[in-house]
Amino acid sequence: MKQLINILFGSAILFSFAQCGNGKELSYKLQETPIFKTTEAIYQSWIAGVAGGGSGINVMFKSSNTDENIVLDSLYFRNKKAKLERKGDLYIGRFMTEANKKPELIMHSDSDQEYGNKPPVKTKFPFELKDDEAVIKYLEKGKSKFIKIRLTEKPAELYP
């Protein structure tokens with residue numbers, strides 16, 4: 001009898017831990033029909049003309065969203081996420097790239113000098129996208145929703 005109680009008690013504990021975190025997962029289901037229109041969706045690479053100046057990709061599109069219950073929040077593009085900036089009816093997502101970026105690792109012949117280096121963090125990207133696709137996250141009455149858009153490439157901007 002004591003063995004049966006131990007098995008039931010152990011099973012109850014295991015099942016209680018198995019449900020942890022299930023309720024907090026976001027739903028990344030793409031909407032079939034967008035509630036707002038996007039036009040002139042482009043992406044453009046840029047490179048600073050000085051070492052350490054950085055480089056990146058700007059994704060821009062226009063939206064005729066007039067519904068105050070809808071807020072365009074962020075953009076997913078090439079395994080990265082960026083907050084959207086709004087300038088009138090133009091929305092911009094700015095993505096920094098690794099090219100021309102200073103390394104964050106300390107490399108030294110004495111391994112004690114390398115203390116503090118952090119390993120790269122890999123996160124699972126919620127969407128499978130082609131290079132010319134992006135996903136817009138928007139909030140409708142406080143609820144997160146997602147739509148996919150197709151982008152056209154504009155020639156790169158090279159700064160002197």
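User: Hi! What kind of model is this, and how are residues numbered?
Analyst: It is a predicted model, where local features need pLDDT of at least 70, side-chain atom pairs count only at pLDDT 80 or more, and totals for chains, interfaces and linings use all residues. Residues are numbered from 1 along each chain as its sequence is written, and side-chain values use heavy atoms, with hydrogens and water left out.

User: Why is the pair of phenylalanine 77 and phenylalanine 95 called tilted?
Analyst: The ring centres of phenylalanine 77 and phenylalanine 95 are 5.6 Å apart and the planes sit at 50 degrees, so this pair is tilted. It links distant parts of the chain: phenylalanine 77 is in strand β3 (residues 70-77) and phenylalanine 95 is in strand β5 (residues 90-96), 18 residues apart. Strands here are DSSP runs (E, at least two residues), numbered from the N terminus.

User: Are phenylalanine 77 and phenylalanine 95 buried or exposed?
Analyst: Both are buried. Buried means under 20% relative accessible area, exposed over 50%, and partly exposed in between (1.4 Å probe, protein chains only).

User: Which residues do ring pairs link into a cluster?
Analyst: That cluster is made of Tyr43, Phe77 and Phe95.

User: Switching to strands: how does β3 run relative to β4?
Analyst: β3 and β4 (residues 80-87) run antiparallel, joined by four bridges. Two strands pair if DSSP finds at least two bridges between them. Serine 74 stands opposite lysine 83 in β4.

User: What about the turn between β3 and β4?
Analyst: These two strands form a hairpin with two residues between them, and arginine 78 in the turn has a positive phi of about 50 degrees.

User: And how do β4 and β5 pair?
Analyst: In the antiparallel sense, over four bridges. Glutamate 85 has isoleucine 92 in β5 as its bridge partner. β4 and β5 also form a hairpin with two residues between them, where glycine 88 in the turn has a positive phi of about 70 degrees.

User: New topic! How many salt bridges are there?
Analyst: The structure holds nine. A salt bridge is a side-chain nitrogen of Lys or Arg within 4 Å of a carboxyl oxygen of Asp or Glu.

User: Which residue does glutamate 40 form a salt bridge with?
Analyst: Lysine 62, with the closest N and O atoms 3.9 Å apart. Glutamate 40 is in strand β1 (residues 38-47) and lysine 62 is in strand β2 (residues 55-63), so the pair ties together parts that are 22 residues apart in sequence. Glutamate 40 counts as exposed at 56% relative accessibility, while lysine 62 counts as partly exposed at 28%.

User: Which residues are linked in a network of salt bridges?
Analyst: Asp132, Glu133, Lys148 and Arg150. Within it, glutamate 133 and arginine 150 meet with an N to O distance of 3.2 Å. That pair links distant parts of the chain, from strand β6 to strand β7, 17 residues apart.

User: Is glutamate 133 buried or exposed?
Analyst: Glutamate 133 counts as buried, at 6% relative accessibility.

Methods: Rings of Phe, Tyr and Trp (its six-membered ring) pair if their centres lie within 6.5 Å; planes under 30 degrees apart count as stacked, over 60 as edge-to-face and the rest as tilted.
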